[in-house]
Amino acid sequence: MSKHPLHITPLETKNLGIGYRNKAHSHHVLENINIQVKKGELIAILGKNGSGKTSLLKTLSGFLPPLKGKVLIQDKPLQQFSSLALAQHIAVVLTEPLPHNLLRVGELIRMGRQAHTNWLDTLTPTDKEIIQFAITMTNTEELLHAYYDELSDGQKQKVQIARSLAQDTPLLFLDEPTAHLDIHHRMETFLLLKKLAHIHHKTIIMATHEIGLAVSLADQLWLLHDNTINIGSPQELIAQQHISKVFDSDLIRFNAQTATFEYK
Amino acid sequence: MGHELAKDTWEHILFNFRIPKSLTAIFVGAGLSSVGLLMQTLFKNPMAGPSVLGISAGAGLGVALLVMGSGLYGIQLLQSDTLSTRILMAAILGSISVLSIILLLSNRIKNTLSILIIGLMLGALTTAVVGILSYFTKAEQLQQYMFWGFGSLGHLSFDQLAVLMGSVFVGIMAIIPIIKPLNSLLLGEKYAQSMGVNISVIKNYTFIVSGVITGIITAFVGPISFIGLAVPHIARLLFKTSNHKIILPAGILIGAIIMLLCDSIAQVPFNENVLPINAITSLFGAPLVIWLLLYQKKYHL
């Protein structure tokens, strides 16, 4: 689906420092982040609660201004994008639930096209084709006429991913897409994201607590710990014992052979 | 047939009173319902309406300062002149002042719920000022203000009717280009932003359109309660969607119909008295809102 050239770096950061600033002082969450993301990669951001996973995603998607350095989308600083141009490059799936509404699944998925349609929101044949792709990929065909509010958590997540796919962006950010889902739906979501990255060349970055699934399915892990970020393939990070350094505690230990945690 | 005189009389009544009054009802209902819908979407709050931004309270303050303050600063108002141009100007000035305060504050405060509360507080402040003014005012002037406050769809001259119809029409037309971002806002501000909506532009645009529609309507017919609050709910209930492409025209139509109905009820048959329109809209609106809260939880937005 994506027609975006391969040689351009979809996302890059230079000396990026993230955190929150108010009048009195600024609170730094992460510093000196230098990342270069390749097209078609599935990236998982791992870290304990409060390590800055969501803040990082917010900064990369333009919700939160960086404290230092810059974020480049296809070699252009993020700040130079209008809301509309940004929406044509980045789609997001957030953790927070939608406000109550009376929208049908079909209407909601279609809303992903809003960044591409004219002011009357009319769909071109291309728009319809992309919406159909989003529906087929997420297997949401039989949900189209149901009200979004009446779906299960797993179905809602699928519909949100479908809406973000309809946005047809080179980058897709997801904040804990598998929270509240059972094991079947967690696996299903990860496999779908992997397929989207590898077959359809989307660059997907997600924050997650699913260390096992991330280790076995992601191309790259960003491990957040003590205001720093460690980047590498799952194998590299396991071999360098970074994962056990971050997550081992007096209760649990990471087993490098099985890529799972066990009680001490 | 000997009914010539009678025919003249009812023609006179029809063309000079009933038809202008019905047109007023239609445009007031349509305008207030659209603003109610805008406010409910923008504030993600089912209890929002044209009155939440304090705009009608601002109009009320303008009128109160003029009518009741006139004794204090020695301006004599014509006694019969309840709908004078001066009252109109005072109401429009009052609502625009409140709207400007809201706009200024909304650019400083990002949280939409805080804006809602500030609007309510401004409303409370203006009510307090009106209360203090009325304490010092003469009975006739207080009465004049009270009558404006009851709301009245009659008494509009043809010129005033043309202004009302023109501005409500333009106001509603101005909503059409933002139907798409209003739909994005149904998913919350963050998602709307991620789908390409410039939130502050849409917010300011909506505030201005709502303020002008509410200000002009309130100036002409007084503060009309519950129409803006209840009609969007009825529209959602009937059409079972929150898509603005459907709910905006539906609300306009339902608002016009309900306002016409309220006007007919206010026009008590076989009696020369006309009930205050605000009493009728509240009689129908308040129980409906309570019923919605109790039994129709899922129809909120």
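**Entry 1: the second largest pocket**

I sorted the residues lining the second largest pocket by type and got 16 nonpolar, nine polar and three charged. The model I am reading is a predicted one. The lining has 28 residues in total. I looked up which of them lie nearest the centre of the pocket, and they are B:S152, B:L153, B:G154, B:H155 and B:V274. For the volume I noted about 680 Å³. I also recalled how such space is found: rolling a probe the size of a water molecule over the atoms shows where empty space is left.

Which helix gives the most to this lining? I found that α1(B) does, with seven residues. I then listed the helices of chain B that each supply at least two residues, namely α1, α6, α10 (199–221) and α12.

**Entry 2: B:T41**

I stayed with helix α1 of chain B, which covers residues 4–43 and holds B:T41. Is B:T41 buried or exposed? I noted it as buried, because its relative accessibility is 3% and the cut-off for buried is under 20%. Its side chain makes a polar contact with the side chain of B:H244, at 2.7 Å.

**Entry 3: helix α13 of chain B**

Next I looked at α13(B), which runs over residues 277–295 and has 19 residues. From its first C-alpha to its last I read 27 Å, close to the 27 Å expected at 1.5 Å a residue. I wrote down its buried residues: B:I277, B:N278, B:I280, B:T281, B:G285, B:V289 and B:L292. To read such a list I kept in mind that an α-helix has 3.6 residues a turn, so residues three or four places apart point the same way.

What covers the buried residues of α13(B)? My list includes α6 (139–150), α11 (227–239) and α12 (244–266), which belong to chain B.

**Entry 4: B:I234**

I picked B:I234 from helix α11 of chain B.

**Entry 5: B:G222**

I moved to the loop between α10 and α11 of chain B, where B:G222 is found. B:G222 is buried, with a relative accessible area of 1%. Apart from neighbours within four places in sequence, its contacts are B:W148, B:G151 and B:I217. From B:G222 to B:L260 I counted 38 residues in sequence, and the C-alpha to C-alpha distance is 16 Å.

**Entry 6: two phi angles in chain A**

Last, I turned to the loop between β8 (171–175) and α6 (183–198) of chain A, which contains A:E176. A:H180 lies in the loop between β8 and α6 of chain A as well. I looked up phi for each. For A:E176 phi is near 45 degrees, a positive value in a residue other than glycine. For A:H180 phi is positive too, at about 70 degrees, and this residue is not a glycine. I made a note of them because most residues other than glycine have a negative phi.

How exposed is A:E176? I put A:E176 down as partly exposed, with a relative accessible area of 22%. A:H180 is exposed, at 70%.

How values were computed: Residues numbered from 1 in each chain as written. Chains lettered and ligands numbered in written order. Predicted model: local features only at pLDDT ≥ 70, side-chain atom pairs only at ≥ 80, totals over all residues. Heavy atoms only, no water. Helix = DSSP H or I, 4+ residues; strand = E, 2+ residues; numbered from the N terminus. Expected span 1.5 Å × (residues − 1). Buried < 20%, exposed > 50% of the residue type's maximum accessible area, 1.4 Å probe, protein only. Contact = heavy atoms within 4.5 Å. Polar contact = N/O pair within 3.5 Å; in protein donor to acceptor, adjacent residues only side chain to side chain. 1 Å grid on protein atoms, 1.4 Å probe; cavity = no way out; pocket = protein on both sides within 12 Å on 5 of 7 lines; lining within 4 Å. Points joined across faces, edges and corners; volume = space filled by probe spheres on them. Nonpolar A, V, L, I, M, F, W, Y, C, P; charged D, E, K, R; others polar.
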